[in-house]
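Visitor: Hi, could you walk me through this one? I'm new to reading structures.

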Amino acid sequence: MPQPDHIVRIELPDQEGLDADILKYFGKCAEKLGLVPNVLRAYTGHPEKFRTFTAFYNLLMLDEETTRLSKLEREMIAVVVSSANRCYYCLVAHGEAVRELSGDPQLGEMMVMNYRVAELDARTRAMLDFAWKLTLNPHDIGEADRDGLRSHGFSNDDIFDICDVVAFFNYSNRMAHGLDMMPNAAYHTMHR
């Protein structure tokens, strides 16, 4: 059974009438990914927010100069946060990214369903446990949690970056839930 075919449950502007820089960005996405992620289409009614969202996403998730966290680690955090929040859009889209970056389709599925079943090293497990707790019980995070990360080799900058990814995906999950955002159907078959 296919998923619903809408992008979001609000009216979006005509895609041909979008600003040139947004259309150029869509072209790069189509070239690199083979699709334009629906999350980007969802922001087209608000061009300045589109630009801010994409700039921050690119810095947070794609940049390799400003963080020691690997792309795979960042994607695993995204999936664990989205699993805690039961965000269909991000589980499908970022579960695919975990499959791609890890070369392991089973790992992608484990991250989506229950990261605890995956055979992860202690460092990765600590990072994901922190992300889960920060998502579901942020008021319970204390120095012992940060010390737990430090004991696995995470620096204070790494802890900042982990929190940054967790916070971003909690925000993104809520946008996806609120707008009933659907992922691109192509994600379901990629890197399996």
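Visitor: At what angle do α3 and α9 pack?

Guide: Helices α3 and α9 pack at about 145°, and their axes are 11 Å apart. Axes here are lines fitted to C-alpha atoms over the stretch in contact, with angles from 0 to 180 degrees between N-to-C directions. Helices are DSSP runs (H or I, at least four residues), numbered from the N terminus. This is a predicted model, where local features need pLDDT of at least 70, side-chain atom pairs count only at pLDDT 80 or more, and totals for chains, interfaces and linings use all residues. Residues are numbered from 1 along each chain as its sequence is written, and side-chain values use heavy atoms, with hydrogens and water left out.

Visitor: Which residues make the contact?

Guide: From α3 there are F53, F56, Y57, L60 and M61, and from α9 there are D164, V165, F168, F169, Y171 and S172. Contact means heavy atoms within 4.5 Å. These residues divide into nine nonpolar, one polar and one charged. Ala, Val, Leu, Ile, Met, Phe, Trp, Tyr, Cys and Pro count as nonpolar, Asp, Glu, Lys and Arg as charged, and the others, Gly among them, as polar.

Visitor: New topic: how much space lies in the largest pocket?

Guide: About 840 Å³, counted as the space filled by probe spheres set on grid points, which are joined across faces, edges and corners. On a 1 Å grid over the protein atoms alone, a pocket is an open set of points where a 1.4 Å probe fits, with protein on both sides within 12 Å along at least five of seven lines; lining residues have an atom within 4 Å of a point.

Visitor: And which residues are closest to its centre?

Guide: Of the 33 lining residues, L33, P37, Y57, L62 and E75 are the closest. Helix α5 gives the largest share of the lining, eight residues.

Terms used. Helices (H or I, at least four residues) and strands (E, at least two) are DSSP runs, numbered from the N terminus.
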